[in-house]
Amino acid sequence: EISCSLVGSEMCIRDSFEHIEEEYLATIDSLDWPDGVELPKKLENEDTGASFQVGYGETRASNLWEYSWMKEWLDTYNTNRERAEKALEELEKAFDMPYMGKDRCDDATRNYLRENIDKAKLGDPSGFRECIDVNY
């Protein structure tokens, strides 16, 4: 683990791939997931020799969680109201999760998720579809 000087008001701390992967898998284990989602057993598509910002593993796992619940809603909003409602309840929890905190996420991103959840509550899939197309 390497730490560097202050950047703005935030401390820039770097972490090893091994620690970030451990954090990623621990976060996956701690979250609720839609039925049938196959969860990864390791953190993929990263440079194992790079250094990472502390919290990166948790953020990657949380992004997968967010994607999984958006997809669950898109897959069920026309066929299984109960599962679709559960997906929106889960997504509401995002705003209290570390990956959506002011230290890791900007207001525009939080507002975008809020708008997309609000659209989904009205039966409009366009926000979640766009988010998945652009980000995943």
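Which helices do the buried residues of helix 4 pack against? They pack against helix 2 (56-76), helix 3 (81-92) and helix 5 (126-135).

This is a predicted model: local features need pLDDT of at least 70, side-chain atom pairs count only at pLDDT 80 or more, and totals for chains, interfaces and linings use all residues. Residues are numbered from 1 along each chain as its sequence is written, and side-chain values use heavy atoms, with hydrogens and water left out.

The chain has five helices and three strands. Helices (H or I, at least four residues) and strands (E, at least two) are DSSP runs, numbered from the N terminus. Starting there, the order is β-β-α-β-α-α-α-α.

Some values for the chain follow.

| Property | Value |
|---|---|
| C-alpha trace along its principal axes | about 50 × 35 × 25 Å |

Of the 136 residues, 37% count as buried, meaning under 20% relative accessible area (1.4 Å probe, protein chains only).

Now to helix 4. It covers residues 107-121, 15 residues in all. From first C-alpha to last it reaches 21 Å, close to the 21 Å expected at 1.5 Å a residue; the expected span is 1.5 Å times one less than the number of residues. Arg110, Leu113, Asn116, Ile117 and Ala120 are buried in helix 4. Seen down the axis, these buried residues fall within an arc of 130°, so they line one face of the helix. The arc is that of the directions from the helix axis to the C-beta atoms. Just after helix 4, Gly123 takes a positive phi of about 85°.

Conventions. Buried means under 20% relative accessible area, exposed over 50%, partly exposed in between (1.4 Å probe, protein chains only). Contact means heavy atoms within 4.5 Å.
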